[in-house]
Amino acid sequence: MKNGKNTVVGIDIDLANAIAKKLDVKLKVSTMDFNNVLTALSQGKADIAISGISATTDRKKSFDFSNVYYDATNEIVVKKIRS
């Protein structure tokens, strides 16, 4: 929730807004399961996919990737047990 509205927020949305502004187009955000992101892009249902997508060798055969804009490591977080 942002200003009382159900809104998608975060660095990816900020980047998408900046790209849309630079291209002078209106941004329409579609939230979807991560597994559907590249399918939507390949089927023309989306023009851009921004969601921490790794540029694998197989994906590079079908999609153009930007330079890395966020380098993250994956970790597991669990609640600390106090004894």
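Which residue caps the N-terminal end of helix 2? I found Asp33 there: one of its side-chain oxygens lies 3.0 Å from the backbone nitrogen of Asn35. For a polar contact I take a pair of N or O atoms within 3.5 Å; within protein, one must be able to donate a hydrogen and the other to accept it, and residues adjacent in sequence count only if both atoms are side-chain atoms.

**Ground rules.** I am reading a predicted model, where local features need pLDDT of at least 70, side-chain atom pairs count only at pLDDT 80 or more, and totals for chains, interfaces and linings use all residues. Residues are numbered from 1 along each chain as its sequence is written, and side-chain values use heavy atoms, with hydrogens and water left out.

**Confidence.** I looked up pLDDT, the predictor's confidence in each residue, from 0 to 100. The protein averages 89, and 99% of the residues score at least 70.

**Elements.** I noted three helices and zero strands. The order from the N terminus is α-α-α. Helices (H or I, at least four residues) and strands (E, at least two) are DSSP runs, numbered from the N terminus.

**Overall form.** I checked the radius of gyration, taken over C-alpha atoms. The protein has 16 Å, whereas a compact globule of 83 residues would be near 12 Å. That globule rule is 2.2 Å times the number of residues to the power 0.38. The C-alpha trace spans about 55 × 40 × 20 Å along its principal axes.

**Surface.** The accessible surface comes to about 8000 Å², and carbon and sulfur atoms hold 49% of it. The areas come from the Shrake-Rupley method with a 1.4 Å probe; for residues, only the protein chains shown count as cover. Of the 83 residues, 11% count as buried. Buried means under 20% relative accessible area, exposed over 50%, and partly exposed in between (1.4 Å probe, protein chains only).

**Contacts.** I counted a contact as heavy atoms within 4.5 Å. Among contacts with a separation of 6 or more, 26% join residues 24 or more positions apart.

**Helix 2.** Which residues of this helix are buried? In helix 2 (residues 34–42) they are Val37, Leu38 and Ala40. Seen down the axis of helix 2, the buried residues fall within an arc of 160°, so they line one face. The arc is that of the directions from the helix axis to the C-beta atoms. Helix 3 (57–60) is included in what covers them. On the other side of helix 2, I found Asn35 and Ser42 exposed. Asn36 also lies in helix 2. It counts as partly exposed because its relative accessibility is 41%. Just after helix 2, Gly44 takes a positive phi of about 80°.

**Asp24.** I found Asp24 in the loop between helix 1 (11–23) and helix 2. Its phi is near 55°, a positive value in a residue other than glycine. Most residues other than glycine have a negative phi. Asp24 is exposed, with 70% relative accessible area.

**Two distances.** I took both from C-alpha to C-alpha. Asn36 and Val25 are 11 residues apart in sequence and 23 Å apart in space. Asn3 and Asp58 are 55 residues apart in sequence and 41 Å apart in space. Asn3 lies in the segment before helix 1. Asn3 is exposed, with a relative accessible area of 75%.
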